[in-house]
Amino acid sequence: MIRTLARPLLASSFAVDGVQMLLHSNKYSKDAKAVNSPLRSVIPAGYRSFIPKDPETTVRVVGTTKVVA
């Protein structure tokens, strides 16, 4: 019974957060910029092209992933 309630409640928090990220992507872009730069310098050169250079695009990708998942 608890699992039946817990799974949708946990999923709803991710979905709501993802929608907020999509609606207000400019608010989250400063945080994404702080993560993008160090991340791009650490990962191998062949994989750097997979990470968007624009932090707002990164926010949109993460928000969409949260909503879809």
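Analyst: Helices and strands are runs assigned by DSSP and numbered from the N terminus: a helix is a run of H or I with at least four residues, a strand a run of E with at least two. By that definition the protein has three helices and zero strands, and the order from the N terminus is α-α-α. The model is predicted: local features need a pLDDT of at least 70 and side-chain atom pairs a pLDDT of 80 or more, while totals for chains, interfaces and linings use all residues. Residues are numbered from 1 along each chain as its sequence is written, and side-chain values use heavy atoms, with hydrogens and water left out.

The part to look at is helix α2, residues 25–42. It has 18 residues, and its first and last C-alpha atoms are 25 Å apart. That is close to the expected 26 Å, where the expected span is 1.5 Å times one less than the number of residues. Helix α2 also bends, by about 35° at D31; the bend is the angle between one axis fitted to the seven residues ending at a residue and another fitted to the seven starting there.

Next comes burial. A residue is buried under 20% relative accessible area, exposed over 50%, and partly exposed in between, using a 1.4 Å probe and protein chains only. In α2, the buried residues are S25, S29, A32 and N36. They pack against α1 and α3; a contact means heavy atoms within 4.5 Å. Take S29: its relative accessible area is 16%, so it counts as buried. Leaving out residues up to four places away in sequence, S29 touches P55, E56 and V59. K27 is also in helix α2, but K27 is exposed, at 55%. The C-alpha atoms of K27 and R3 are 34 Å apart, although the two residues are separated by 24 residues along the chain.

Side chains of opposite charge can pair when their charged atoms come close. A salt bridge here is a side-chain nitrogen of Lys or Arg within 4 Å of a carboxyl oxygen of Asp or Glu, and the count is two. In one of them, E56 pairs with R60, the closest N and O atoms being 3.0 Å apart. Both residues are in helix α3, four residues apart, which means about one helical turn between them. E56 is partly exposed at 24%, and R60 is partly exposed at 41%.

D17 and K66 also form a salt bridge, with the closest N and O atoms 2.3 Å apart. Because D17 lies in α1 (residues 2–23) and K66 in α3 (residues 55–68), this pair ties together parts 49 residues apart in sequence. D17 is partly exposed at 27%, as is K66 at 24%.

Of the 69 residues, 17% count as buried. The radius of gyration is 15 Å, whereas a compact globule of 69 residues would have one near 11 Å; the value is taken over C-alpha atoms, and the globule rule is 2.2 Å times the number of residues to the power 0.38. Along its principal axes the C-alpha trace spans about 50 × 25 × 15 Å.
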